[in-house]
Amino acid sequence: MMNDIEWGLLFDPALAIESLPYVLEGIGYTLLISIVSMIIGMVIGFFLSLARTSRVKILQFPARLYISFMRGVPILVILFLLYFALPVVGIEFTAVQAALIGFTINSAAYIAEVFRSSLASVDKGQWESSTALGLTYWQSMRRIILPQSIRIAIPPLSNVYLDLIKASSLAAMITVPEIFQKARIVGAREYDLLTMLILVALIYWAICSVMTILQNYLEKRYADYL
């Protein structure tokens, strides 16, 4: 039965090799979207996590609502709203700007929950000890709590980043010329979408594998440090 399969129709190595340089031209946008969104998302997510756990209701409720909304709405819907809907009310973004904003505000919600859980994992006695030493809230956070919570947060934060890398392919839906969009163009031109899908899958796998190696390195480094 396997001998009856025309493997050339599934994957054309010659086309994949020929198209690889063109497809890789989009890697800059893939990394730009994922890295910038992750960095800014971590900043926003950190303060969201503090607001989420705050005893001040005026801070807690908006943070909870934001996190709930962003985690409950597909990122593709957010991208479409930013790129196609906002121009109706006079607010226009380029495709890249819409992708950066969309992935940032979406990832911030997930990162906020990572920070919230990692901060909550630090023993309460650490807070009490820092208070006894006369440290302020931010001094305690910077010197005692954050160094311990970072080690806990690395694995889930790495997972968020890996998801961002893969989800960046959705930016193709608003015409961002990243890896997946480049592969779609070649697939449509050559009438061989299967080959290009397999090629782009291998590229994403390679990128995520490198990020996994970095994750393992960071985990080991923080474990040794602590």
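**Note on the salt bridges and annotated spans**

1. Glu25 and Lys182 form a salt bridge, with the closest N and O atoms 3.4 Å apart. Here a salt bridge is a side-chain nitrogen of Lys or Arg within 4 Å of a carboxyl oxygen of Asp or Glu. Glu25 lies in the loop between helix H2 (13-24) and helix H3 (27-52), and Lys182 in helix H9 (residues 179-190), so the pair ties together parts 157 residues apart in sequence. Helices are DSSP runs (H or I, at least four residues) and strands likewise (E, at least two), numbered from the N terminus. Lys182 is buried at 12% relative accessible area (buried: under 20%; exposed: over 50%; partly exposed: in between; 1.4 Å probe, protein chains only).

2. This is a predicted model: local features need pLDDT of at least 70, side-chain atom pairs count only at pLDDT 80 or more, and totals for chains, interfaces and linings use all residues. Residues are numbered from 1 along each chain as its sequence is written, and side-chain values use heavy atoms, leaving out hydrogens and water.

3. The structure holds six salt bridges. Lys166 and Asp163 pair at 3.7 Å, N to O. They sit three residues apart in helix H8 (residues 137-167), so about one helical turn separates them. Lys166 is partly exposed at 43%; Asp163 is too, at 44%.

4. Arg189 bridges to Glu190 at 3.2 Å between the closest N and O atoms. Shared partners join Arg52, Arg71, Glu113 and Arg116 into one salt-bridge network.

5. An unreviewed UniProt entry lists "domain: ABC transmembrane type-1" at residues 27-215. UniProt positions follow the numbering used here, feature names are shortened, and annotations may be inferred rather than shown by experiment. That span is 82% helix and 0% strand.
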